[in-house]
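The report below goes through one structural model, beginning with a local detail and moving out to whole chains. Please keep the sequence and the coordinates at hand while reading.

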Amino acid sequence: MNKDYLIISNNPLVKENFQDTIYFQGTLEELLIKVRDMVHQGHELITHPLGASIRMMFSPYKSILVSSEKKEFNEFFASIAENSIEDYRKNTFNRKTDYQHKNDYAMIDKELLQEALKEHVSLRAIN
Amino acid sequence: MKLELRKIKVTDLALGNEMKFENGLLTIDPQVIIDGLKDDVNVKDVRVDIAKPGDKTRIIPVKDVIEPRVKVEGTGNGFPGVTTKMEQLGSGLVNVLSGAAIVTIGDIVGFQEGVIDMWGEGAKWTPFSTTYNIVVDISVADGLQPHDHETTVRIAGLRAAEIVGEVARDLTSDEVEVYEMGNIFEETNKYPDLPKVLYVEMLISQGLLHDGYIYGVNSQKILPTLIHPNEELDGAVISGNCVAACDKITTYQHQNNSSIIDLYNRHGKDINFMGVILTPELTTLEGKFRTCDYTAKLCKTLGADGVIISEEGYGNPDSDLLMICKRLEDSGIKTVLITDECSGWDGMSQPLADTTKEAVAVVSAGNVSHVVNLPPADKVLGNPEAIATLAGGWEGCLNDDGSMKCELNAVIGSTSEIGYHNLTVKLY
């Protein structure tokens, strides 16, 4: 089965461990904007761009999965991608990115990406 | 199912040379806990301390909080599927050391926060400042991988709760809470005119430090499932999450789930409480669509007139919360959401990461961005370096006198989305 996803990441540990990563040297906010733009070009969101807690907003790193194929523009995904940027800006307005623990954030992001990939592959098998 | 929780009130706590309970005083022999936990080869070191309400003590970083209990009649002592062999939970008589809590600490990653202040300003914001806390600091074997580290600390906390719970085996008390409910048909025959209400409890289910467990099964691996409320009150649901400090649901909060208890209290009066659906919050959108469709389908199949949904965490789970809400409201099922807000320091920003027009009944559990001032502690249990992480978010948050400002999101259980916390809602 062909790989139907792209890993968009600014996490150096993910770049190291996942060969085909589209590595992006930028901030998490810039990464969210890049993903939003890709969604507008027709890539589908496979994972939600945000984490599951406020703490993960202070992570310097994030990896997001989108479809490798461009499809029809999807308003729902575009709205999630837009809202994620707004929400990120709101939560980091007063708070700084936590670079002190960047290695731990890199490790957790990689672990969560691995889980997301497992979830995606198992769902793809039944689609 | 009939579950009786016999509450043995703990009103004081001390360290000593034996495990005993007398006139409200719970005495803990640390060595008994240390020996019990060191049976696990992955546990290198254990330190046991106590923290009482009013002590100028700060506990950080907290992993989980667990209520010590022992089942004296019926099946399923401990945490079946995790620390004991698989047995059915939800029935029998349980002796509860009410007012006591096991608090596990030990950082798995450096950015972990989760603070409990036992005194002053900080104490106001966490429900675990009023419990008598047995604080168990667990160091693991060198070289242990993060997943094994997390598992070791999680299970050590549960075992510590079992060890302490044993103290209550032969005790008695006049205060017994009874939770009894027949099957859905029996209850509906009894209360044919009352609206049928289900409770959907969402669990973060996304991977390392972001997991929940049901009878030991990682909730990432399940479709939404129906569980009898008594099973959760009896210890079937366990926290494996230690990143979202303010709105993670600790194991203690599952054991005492306020949403379940409130729904029980109204069962047969103005509602017919039919049960709990546990729903995983997955990472992929496709996974979210599946669980949201499936949750709505379960509610429809069971004929619910109304559904209460509680969230865990913030961010991508907001999408699940609102998608379930939309599906239910579109099916004509009245839906109430319980969530917390992330509405900025002034409380004026949009509260959730996502919106839907169908979310017309929403209960707020508090603003996680609210800033609180924490004075310096006399004693820190855990890792003092974690305090810098806690406060290190912006310029000027650390003051010269050692006090600091932090957002509520660093405080354990401060904005609990199942309602087990100190904040309340003001009606305007």
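## Strands β23 and β25 of chain B

In this predicted model, strand β23 (residues 371-374) of chain B pairs with strand β25 (residues 404-407) of the chain in the antiparallel sense, over four bridges. Strands here are DSSP runs of E with at least two residues, helices are runs of H or I with at least four residues, and both are numbered from the N terminus; two strands count as paired if DSSP finds at least two bridges between them. Within this pair, Val372(B) stands opposite Cys406(B) in β25(B).

In a regular strand the side chains alternate between the two faces of the sheet. In β23(B), Val372(B) and Leu374(B) make up the covered face, whereas Val371(B) and Asn373(B) make up the uncovered one.

## Conventions

Residues are numbered from 1 along each chain as its sequence is written, and chains are lettered from A and ligands numbered from 1 in the order in which they are written. Because the model is predicted, local features need pLDDT of at least 70 and side-chain atom pairs count only at pLDDT 80 or more, while totals for chains, interfaces and linings use all residues, and side-chain values use heavy atoms, with hydrogens and water left out.

## An open sheet and a cis peptide bond

Three strands of chain B form an open sheet in the order β11-β6-β24, with mixed pairing. Its edges are β11 (116-117) and β24 (379-382), each of which has a single partner strand, so one side of each is left without a neighbour in the sheet. Strand β6 (residues 57-60) pairs with β11(B) in the antiparallel sense over two bridges, and Ile59(B) stands opposite Ile116(B) in β11(B).

The peptide bond from Ile60(B) to Pro61(B) is cis, with omega near -10 degrees, and Pro61(B) is placed in the loop between β6 and β7 (62-66) of chain B. As background, most peptide bonds are trans, and most residues other than glycine have a negative phi.

Asn23(B) belongs to the loop between β3 and β4 (25-28) of chain B, and Leu209(B) to the loop between β14 (196-204) and β15 (210-214).

Which of the two words, buried or exposed, applies to Asn23(B), and which to Leu209(B)? Asn23(B) is exposed, with a relative accessible area of 80%, whereas Leu209(B) is buried, with a relative accessible area of 1%; buried means under 20% relative accessible area, exposed over 50%, and partly exposed in between (1.4 Å probe, protein chains only).

Phe21(B) lies in strand β3 (residues 20-22) of chain B, and it counts as buried because its relative accessibility is 17%. Leaving aside neighbours within four places in sequence, Phe21(B) is in contact (heavy atoms within 4.5 Å) with Ile8(B), Lys9(B), Val10(B), Leu26(B), Leu97(B), Val167(B) and Leu171(B). The C-alpha atoms of Phe21(B) and Ile418(B), which are 397 residues apart along the chain, are separated by 31 Å.

## Chain B as a whole

Chain B contains ten helices and 25 strands. Of the 428 residues, 61% count as buried, and among contacts with a separation of 6 or more, residues 24 or more positions apart account for 79%.

## Chain A as a whole

Chain A contains four helices and four strands, which follow the pattern β-α-β-α-β-β-α-α along the sequence. Its radius of gyration is 14 Å, in agreement with the value near 14 Å for a compact globule of 127 residues, and its C-alpha atoms fill a box of roughly 40 × 30 × 25 Å, taken along the principal axes. Of the 127 residues of chain A, 57% count as buried, and among contacts between residues at least 6 apart in sequence, 74% join residues at least 24 apart.

Notes:
The radius of gyration is taken over C-alpha atoms; the globule rule is 2.2 Å times the number of residues to the power 0.38.
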